Amino acid sequence: MTANKQLNGKLRLTLLDAAGELLGESVDIRLQHLVLSDLRVVSGADASEPILIENLHPAPQGFYKLEVDPASYRPHRRFINIRSSGVTEVEIAFEDQEIEEPELVLVGDDGEARTDLEVGEPLTVSAGGLRRAAAHEVRLLDADGALLAEQRILSDREGVIPPTNLWPQLGLDDPRSARALTVEEAEQEWAGRRLGIEIRYCHKTVAAGTVPIPERFERPLVLSTDVEGRVRNGFEVGAEDVVVSGLRLDLPETARVYMVARQRDWRIGDAFTPVLLRSGRSAIADVELDGGAFRARLARAREAEPGAYDFIIRHIRYGYEDDEDLFLRPSDIVGLRTVTGLVVREEFMASKFVAGGCANLQQISGRKLFGAPYFQFTNVFPVGADVWGALDPNALDPGHQGKMVALYVVPHKTAAQWTADNSLNHLAVLGGNAAVTQFKTQTGCINHNDHLLWPNATDEGEYDIVADFGNNTSTAASFLPDDDFDQPLDMIDGYVVPGFRIVPDPVDHTTFNHAGTFTYNDGNTTVDDDSFYDPYLGHPTPALSPVIVPQRAEVYFPADAAGATLPSQISAAQSSYPLFLVVHGNSTDTSSYTGYSYLLEHFAKNGFIAASIHLKFDMKGHGRAEMVFKHIALLQTKFGSSLANNVALMGHSRGGEAVVRAALINQADTLGHNIAAVISLAPTDQYGRVTLKDAAAAPYLVIYGSMDGDVAGGAPFGSPTPPSRTGFSLYDRAKGAAKSMVFVHGSTHGRYNEVWGDTDITAGWSQLDPPDYPKLINVDAHEKIAKGYMTAFCRQHLLGESQWAGIFRGEWVPPAVEQADAGKVRLYVQTKDTSADLIDNFEGIHTATSWQTSTAGDTVDDAGTLPVDPVEDQLHNVDAHSPHDTGGLLLRWDGTGDQLTFGVPVADKDVSGFDAVSFRITQKVDSPSNPAGIQDLYATLTDTGSQSRKIRVSKFAEIPEPHKRNRNQYTKSAMRTVRIPLHAYTIAVAGKQDVDLANIDHVRFDFGVKATGEIEIDSVEFTH
Amino acid sequence: MNVETFPYLSDLAERMSWSCREVLRDVADVPHLLYRVQLTGPHFEARALEPIVRVGRVRADFVELSADGLTAGAYFDRPLPERGAVTFGYEDGVLYRFPQEFEIEHLERLDRERLPENVRFP
């Protein structure tokens, strides 16, 4: 480690526009040191005057890559060298104005560009070449210039507005009056007219286009109407009959109409099933056409169940049995692709979730998913993420449906603060109140009500989102947001706790500007170390032998000024600081403990006293653990009361096993250290199956790489009873506290330690070969993983900052990790909460039939679909590539109808208090059943009322192909945790049933995505 | 890795040797008579994984590497075979197979008369 500790370099940036004037806008600046781990990101800097950036590494180590990204110009990148003294002046003239011309495209129902639209078709537009991440008004105008509809939409960071529907069915309702028209009336009114579309930014039109409506209409139309032919796309259950109208159908005189569950993107060959009505009959009607038109009642009001439906029209030829096959044919006519045919809504108050008493609290913030369930609500976003907002139609009361709404993003306020001041001030960075996203709510599917609220969110903080229904109107032209949060009309995501948070990247985030550092060498001490150590050899009593160890360590601490070298110079900002203690692994290099300086400095700047202690060559588990306590005592004498009894232990390699042992010793010997987090980095597991559990349990994190050249993790050589011994086995055995494990594809053993470097790649004993080398991730990525994951974990558990928890549930990856090594990093998280409702963990006595009874005591059944019975056993017994030390289930399927169902016992049926259904899963290495690439399946929940929804696992988590190693015995069937949020089963999604989480009947894996597969699963549970 | 199959390691093969003697060690304050098989020749490198030495089918109870990597001392708390191959490796495989087979008659024994009374034998 050769980091220049004197961060006195200064850079002044003068940014000019094409006219040579100072650039009058905000810019994002990124400075990445070319060698050292130093990344500076300045977001939204004011370029109307020179910008000064301080505390940089100066020459001779002052090489940085500079990137300046203004809103109006192309980014500018260059390399710079920070002078050893004084200020380095850099002037950049931006001359290459963005040259892309705004473009507006009319999008047809099939997703293709269109030049005109007919009555009844959805009017959808997309645009590109716009100002990036800026609010634009998208206006639909009548031929006379009158405003028909308007939405305020944010462009994304590329300046694109994705396809956005302005008018679900052109002409069939009057946007100005909400009056419904028959098709004939609509055709008469709109034929031959030419609508205008404008995209405006800051009241100036930046793109415009027209929507010609032809004089004559030719495209077939199928829609839900009332008996008079007026469009009716939705109504409350029991309120109206289901009536279908068809026009311009190129069919002979008779046809059959099927009412089917809504599906997006109908494709030829898709199977469909007529809806079974409450009366017990199928929703099918044979109709006679008159001039290509018909109107038919498919269901009485009392017959239709709540749900979303489409309609399929088919010509049935007399005597042709095949015409009754329920597979979509090229000649079949289906309703619109992007607009649901009909939504029969639940009785509103029966299904509405009311969370906030008088305040209408609803989740709004989240991430967009491509494909059902389209949206994932979440409340933590790392800086730079896109924040989306969605109004779940199931959460909209009837008074909100079809109404204009404005979504404000405001700084979080408590309930009391809202009571004191209910005014809404949309963030200035988003353009203030003039730039609030506005749209008309739609029913049927959350996909219609989601909008990008904050692209590239960079301002860390806590925020609320308020859905302001203003003057409560359905017409865009008359909509007036009132800039107030009015209860109970308006809805809020926030109020009690923040609606969402923008959190910093833990890789770069610091809370102290300076770190002091020193080393100490306080003479020798004697500790007992393992002698007879290996339980697999059957030694009755592991024995200990004394070993003499020098007490050396490197220490970093938070400081108020640069250059601090004494414990007494610790920052005065706090009275005490938690401890982060590092225990390295085995090496003959006596400077091994100095290989984590990058990590210690980062921890110090995060408010920790951070120390890396020296261990003697060939020390084993117990001796390393005892040294932990020797050094804590020494640090207490140096820092006194500044050292809090709030300790995180991090061990690497043999040290990773030793820190678990240390936690056990601390508890067994009642040493009284408050060990609040334990981290094992690429750990061994060879000194007696130590297990972090019971009274010694502490939050536990394991980080381990697929390309570890030392602890490579094959089946143990010569051991009578595998499993292999790596971080997986330590993780599997740990219990009693929250735990997570990050399995990093391409990560090695030594690259986390700057002294060790590539030892496990180049040494003669290395278990890596040249074919593996292209799969390795670089040193920078390793260090960012260590910094990001370890500081976030310790901040969560030692400082009580819950906003990092999502990282360890696999919900998000620190952006700097995601971008490291040119985006090469792939990592997979296992996690376990302590408060789960376990369905099956596949433990206990394994027999040929034990898989048929779950841990919860209910049945497990494949309904005879699987080609062979699943096998419940210790996973290493059924798969030599399994690194796990746990029972699990191995199963194989060979058909898309295959399934496995876990019954939910009566006492556990109410899962509404949990957040996710969760399980661990892996592809079985080298199974010919697994196709190349990711594996996929559905996780289905069904309630006791037979309402069921299946969610494709890949929408939330990838089941990756095992990361192959040249020495294939080290390729691992490594499970990862899949967490599917339970709201994915309840939010309104077209064509999907809503599941009652208070009455879950069973959890089912449906293997309908890939035709074949072989997987291992474990830990099926409902969890937080 | 079996050096006999790698011609370029033939020099190493010539340098690889073992010796075997009885030694005393206190384990849990009880003197134990152990068999120590001392290996020289290769460079024995430190790894995270514990080194493993076998004589025939018998695995050493623990192995100590010298800090300079020049010797590996394998300690056996169990009877050694009359004859057997000597191998050095780690949990993940054999790294060296010594060309000279182990023979029990080369074991240097301690004088039983001079051993402590409470010594524990393999």
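Predicted model: local features only at pLDDT ≥ 70, side-chain atom pairs only at ≥ 80, totals over all residues.
**Entry 1: the nonpolar cores**

I began with the largest nonpolar core, which has 52 residues, and looked up which of them make the most contacts inside it: these are A:I609, A:L635, A:F639 and A:V678. I then asked which element gives this core its largest share, and found helix 5 of chain A, residues 621-639, with 8 residues. Another core lies apart from that one and has 47 residues, among them A:F603, A:I703, A:C794 and A:A816.

**Entry 2: helix 5 of chain A and A:L635**

I checked the length of helix 5 of chain A against expectation: at 1.5 Å a residue its 19 residues should span 27 Å, and because its end C-alpha atoms are 27 Å apart, I noted that the two agree. Just after this helix I found A:G640 with a positive phi of about 55°. For A:L635 I left aside the neighbours within four places in sequence and listed what remains in contact with this residue, namely A:Y520, A:V555, A:L579, A:L581, A:A611, A:G640 and A:L643.

**Entry 3: two hairpins in chain A**

I looked up strand 5 (residues 63-70) and strand 6 (residues 76-81) of chain A, which pair in the antiparallel sense over 6 bridges. They form a hairpin with 5 residues between them, and within the pairing A:Y64 has A:I80 of strand 6 as its bridge partner.

I then turned to strand 50 (residues 938-943) of chain A, which pairs with strand 51 of chain A, also in the antiparallel sense, over 5 bridges. In this hairpin 4 residues lie between the strands, and A:S946 takes a positive phi near 70°. The bridge partner of A:L941 in strand 51 is A:R949.

Which residues of strand 51, residues 948-952, form its covered face, and which the uncovered one? I found A:R949 and A:I951 on the covered face, with A:S948, A:K950 and A:R952 on the uncovered one. In a regular strand the side chains alternate between the two faces of the sheet.

Conventions. Residues numbered from 1 in each chain as written. Chains lettered and ligands numbered in written order. Heavy atoms only, no water. Buried < 20%, exposed > 50% of the residue type's maximum accessible area, 1.4 Å probe, protein only. Pairing = 2+ DSSP bridges. Core = buried A, V, L, I, M, F, W, Y, C linked by side-chain atoms within 4.5 Å. Contact = heavy atoms within 4.5 Å. Expected span 1.5 Å × (residues − 1).
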